[in-house]
Amino acid sequence: MLSRRSLIVQLPAATLAGSVALRAFAADKTVTIGIDLPLTGADAQSAQKIKDGAIMAIDEANEKGGAGGYKLNPLVLDDGTATAGQYDPAQAATNARKMVSDDTVVAAIGPQMSGSGKAMSPILSQGNLATITPSSTNPDITSPKFAGQYRPGGKAIYFRTVTTDAFQGPNMANYYADTLKVKSVYVLDDSGAYGVGIADTFQAQSQKRGLNVLGRDQLNPKEADYTTVLTKIKSLNPDSLYYGGVAQAGVKLVKQSYDIVPTIVKGGGDGMYGPEVLKGAGFPACAGWYATIAAPHVLGDPAVAEWTARFTKKFGEPPEDYSITAYDAANVIIDAIARVAASGKPVNRDNVRDAIQSTKLKTLQGEITFDENGDLVNKVISVFQIVKDDTKPLDDVAYQYKYMGVAPQSA
Amino acid sequence: MNLEAVYLQQLINGLSLGAMYALLALGFTLVYGILELINFAHFNVFMVSSFFGMWALELLGLSGQAVVLTGLPLAGALLFAFIVTMTLAGCLGVAIERLALRPMRAVRGTAAMITTIGVSYILFNVVLLTVGADSKNYPNPMPNVSWALGGATLRLREVLIWGITIVLMVGLQLFVSRSRLGKAMRATAQDAEAARMMGIDVDRVIVTAFFLGSALAGAAALIFGLYYNYTSFVIGYSAGLRAFTAAVLGGIGSVSGAMLGGVIIGLIESLGGQLLAVRWTDVIIFSILVLVLVFAPSGLLGRAAPNKS
Amino acid sequence: MPDKDLTERPLGMLGASYAWLRRASPIQWIAPYAGSRLGIAGLTVAALLFPIVSGNDANIDSAANALAFAALALGLNIVVGFAGLLDLGYAAFFAIGAYTYGAFASYQIEPAWSQFWVPFQWLDLVARVPDPGGDLVHFQVSFWLMLPVSAAIAALFGVLFGAPTLRLKGDYLAIVTLGFGEIVPIVARNWPSVTNGAMGLNGVAQPQLFGWKFGIGATPYYYVGAVLVALLIFTSLRLKSSRIGRAWMAIREDEVAAAAMGINRVKFKLLAFAIGAGFAGATGTFYVAKLQTATPEMFMFPVSVMILVMIVFGGIGSVWGVVLGAMILQILQSWVLEDLSQWLHAIGRLIHVDWLQRIELASSIELIFGFILVAMMLYRREGLIPATRRVQGLTLAQQAAQVGTGFAPERLNLAGFGAHDRETDGALLDIDGLSVRFGGLVALHRVALQVPARSVVAVIGPNGSGKSTLFNAVTGLVSADGGAIRFAGRDIAGLPPHAVLDRGIARTFQNLRLFPSLTVLENVMIGMHARLATGAVGALLRLPGTRREEEAARERALAILEIFGNRLVPRLDHTVASLSYANRRRVEIARALASHPKLLLLDEPTAGMNPAETHELADQIKGLHRLGLTILLIEHKLDVVVDLAQHVVVLDHGDKIAEGTPDAVRRDEEVIRAYLGRSASLGGAAVA
């Protein structure tokens, strides 16, 4: 009989026993892979899909006996908080410290958001713990210009299986100018690290390409009403709108801009690519919006169809493009661990980092190699447009986002 | 769009915002007038009620903006939604009063206000943990009708907001000034002890105030959902801040003050955003709040500042 | 309102848990030891050994975070717990401390190099950074230097934010502070040149100790945090049991009475804000140095609420309580819930239940905070470790207080009591043509009154005649709308209440305005506030001079309390709320006497006393008069007036209608009419 008093004694004891048992289980020939994603908040759904991609790769490897004989244990940490309503850089920093202080962690996947990345990078660098992000695109983190700030340890530890906003923003500006043939644009951001960064690069390139940038303002993700700024935009009569930012503000922008400026061209970065936009904004509001991802589009490829089916069966939900980059990121790590084990060197984070640096691996998205800063050598930005497909579920990213092609790279 | 038209449009925007804030501020000021209690939970009652409204509309089979109704079916659907939402909201308010606030009535100082902060947190996090953090697409059967008004656009939803707000405000004003219970409320607001001695059931008055106030928040929440076509767990914060400032600006405890304050804040938000930049709106609103409280605590139409320490 | 039986309240289960908590011996068992030497020594040893014993860096990191929040809780405790000012925007000072350090210890601000910076470079505060566009300045101010600097800057902002709130009461003060608390993160978000906006200030430098960098291991930060918390605990305790702490608690309990007892409310409220803000500023620097990143989200309203929950949970006003509360809640959040979540994930993977694998208990921490706040407010407002202490019950002998007969003032050691530094041959108190209006109501109309030195003057009159208003005007609680008030030859009209006390006028209140949750001794010592000189620094350091002053003050308080025989002395450490009505009246008189007044204003001192007690008090007042004290007395009991007063003034509806000796006044027609109506004097129709 569980009396209240005994429960209060038994519960902490059980927890303690559980943690001890967990650690004991982890002790023999296992390594831990940290996964840091904003599983709480406005981006939870796409974070979940990214996590699923990584877990799928890890589970597959474990079924085959692990990487180089080592079982892989995922350590999932949430950098989203209820307070922020989305990713929280302070929480990300705490998670980074947690991963660095845990000796069994040899590599990590994530973060999803660049704001978290900026906070985590210096800490990871000091611990020489490599992380591969499937979606963080802010270029500053790997730029040699800011090496002192983000890489105080010297070596590259922030690897990416996506391209950066150094290309995502400007290439979209090229697309606006060349393919969509707009003459004027109004730029918005959501005050976050990623949003401001990509809006800045988009704006700079637009101006270079001769587009008339009519103005730039900032949306507050916590606020409900954007009619004021949209009315202001309407009065300036631009051909198009570009939004740098993530879903929390993006969804509201989609809805309200549909009411106030329905006919102008509207686009955003990879923050606008995801089920949150389809579900939160819904049709007809979201129809026509352009979005980009900083990776090649392989989801529609027949070669990947089998993978997609497996993913959907395992998790009960269809994947998105960043699930693939996450899957690939996990496989890079698995490959790196296998190579270190094969070479006879101890499987620790220093050796794994070096192995990741020298990766040359064929994955779903193509061949992955990294440059000396940790960036992907193969730089591709894919453009999508939301076009309603009534024959498929309306919140399925794979079918509602129509692939438009590769965004033109600047010369 | 020429300059005149822009300002006209922003005026329309501002008045619509103002109507929403006024409704929310009204509920808040009703409770304050009687209990001299700042009820932090009010704004999350608003947020929770928007979900009540969403479920009421979904019960009718509506989802997203796909199904469009007109005429009598539209009026029926909206009436149903309003009644359900306002009733559930009112009940939530009464539950909060009964469980968390009644035991605190005798405690002097800010203890009761701190309790409302706790309740507010509970509502916020329960919704977050159950419904999730993403924005929900709001079921809306209204047709996307609009009229041109000298370069600006007046949409059906704006007319709806003003119509419903005016009806509710007039209804409230009539209730407070004409009905027996309304008179009892005004008496209690002025002097609870004396009211009790005159045979007024003060408990009943307080419950009524909470019910009415929360019901108004419910109406505001449903209007919010129909206007913006979305809801999420964070809508209480931003709307709450503005409604609170509206109540303070108009004069806490004054019904007409809440209405006036709401309209003023709505206009400040839209015109301020037009003239400056939207990113400064929060600072402006907070500054107004601080300035009013420090220099003119009784607001525009309110009575003298309370001497409760 | 009587306390309802627990089972009658809703949430009976919660109530039952509360009852269990109440009976839980550990808390009541620990509390008395917490402050003792043994307890502190034990705690220190445990704190020092913890990192060595634990070995797990993540746990040490959690502990370091917990210490940071304990420091914040201590700071908020000073503002809310000691001074009673509900500050809902406390995180703003946390932010200011954090960003100040961030600005001076990161790559964020890099002005162009010029000769101006050379001395700073020499002091190793800045470095010269070569850059193709022109050399830049890189700030690298030492963490240790920034700790006090940030604290000072935050304290400055504390004064800035506190100033507008001084006149405001409870709720309104809370809202204004909430406003400031929100404005600071918004400014941080919109000032990217200094704070890097929402993207966060990254790459903040780590502390260095003699060239050795702290690195990312949490242990050095843990020790710094522990030292910081120890220092703040020390400061809090020292302040609490000093003149400053008493002044704060007086303001918290009853602001008006505090002012009437000589406490400069403005100064002490600002002091509380400043010191509280300083604590937060120092903690902000510490926290950001550890995290190496500062974002506006870290300092928003939920953080202020979290700190409030910590002090409510731990015990508002109790130094050890808030530290305990903060540590428990932080460790709950970062340790227990995390581990629990990981454990549930493992189970979920084992038994293939999907939602168990996804559950994140740590994100429900705010829900838990909400429940804690509501539960504590409803069921245990004093928190885990209450601020008030338990006292021993009185023995039967002590309870049977003898009626004091034969009051002998010569026996008492009241040196310098009632002495005048110069002989005033005029009136000590000279009121001339005093008028006071409240809107349309004329409370006093051109009243003239003189109180000669060393006399007893009584003011009588029917209810509503303006007697208490007269006292309020003299002591500065209401402002005069006309006329002059001179005391010892100097004009005092318009002075704030604490200045009036300082000049030498002390008073009691008609409806009793004691400090309810403070003890008898504390109440009386607060009366002495204006005559003591210890400031915050003195309280902190407790120099010999301060200690002597406190000792002397305590002795004098005891001497004054002995005026009332053994009615009050055995109850020195009892809270006045637990005293009988008559005893409370006596404490209030003792409190007024403690300030060494030249003129004592007694507002219906014998109200509510039975004839024996009335007679006893009248004797005691006579004794005080014989010591040289001038007394102005409002009384309804005419036999007391006749017994004590040499001169009587009669007020009715704001006008003085008669004055003279007690006998003359008693027979005056106007006076009789005022009290008893027309019929009594003329036999005509009664005027109510």
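The model is a predicted one, in which local features need pLDDT of at least 70, side-chain atom pairs count only at pLDDT 80 or more, and totals for chains, interfaces and linings use all residues. Residues are numbered from 1 along each chain as its sequence is written, and chains are lettered from A and ligands numbered from 1 in the order in which they are written.

**Exercise 1.** Work out how helix H5 and helix H8 of chain B pack.

Step 1: find the helices. H5(B) covers residues 156-178 and H8(B) covers residues 202-228; helices here are DSSP runs (H or I, at least four residues) and strands are E runs of at least two, numbered from the N terminus.

Step 2: look at the geometry. The angle is about 175 degrees, and the axes are 10 Å apart. Axes are lines fitted to C-alpha atoms, for helices over the stretch in contact, and angles run from 0 to 180 degrees between N-to-C directions.

Step 3: name the arrangement. That angle makes H5(B) roughly antiparallel to H8(B) (the label for angles over 145 degrees).

Step 4: see who meets whom. From H5(B) come B:Arg157, B:Leu160, B:Ile161, B:Ile164 and B:Leu168, and they meet B:Leu216, B:Ala219, B:Ile223, B:Leu226 and B:Tyr227 of H8(B). Contact means C-beta atoms, placed from the backbone, within 7 Å.

Step 5: sort them by class. You get nine nonpolar, no polar and one charged. Ala, Val, Leu, Ile, Met, Phe, Trp, Tyr, Cys and Pro count as nonpolar, Asp, Glu, Lys and Arg as charged, and the others, Gly among them, as polar.

**Exercise 2.** Describe the side of chain A that touches chain B.

Step 1: count. 32 residues of chain A are in contact with 32 residues of chain B.

Step 2: pick out the elements. Those giving two or more residues are helix H2 (44-63), strand E7 (212-218), helix H8 (227-236), helix H9 (247-260) and helix H10 (275-281) of chain A. H8(A) gives the most, with seven residues.

Step 3: sort by class. This side of chain A has eight nonpolar, 14 polar and 10 charged residues.

**Exercise 3.** Is helix H19 of chain C mostly covered or mostly uncovered?

Step 1: check its residues, 467-474. Eight of its eight residues are buried, so to speak the helix is mostly covered. Buried means 20 or more other C-beta atoms within 10 Å of a residue's own, with C-beta atoms placed from the backbone.

Step 2: look past the end. C:Gly476 follows H19(C), and its phi is positive, near 85 degrees.

How values were computed. Parallel < 35°, antiparallel > 145°, perpendicular 65-115°, else oblique. Contact = placed C-beta atoms within 7 Å. Buried ≥ 20, exposed ≤ 12 C-beta atoms within 10 Å, placed from the backbone.
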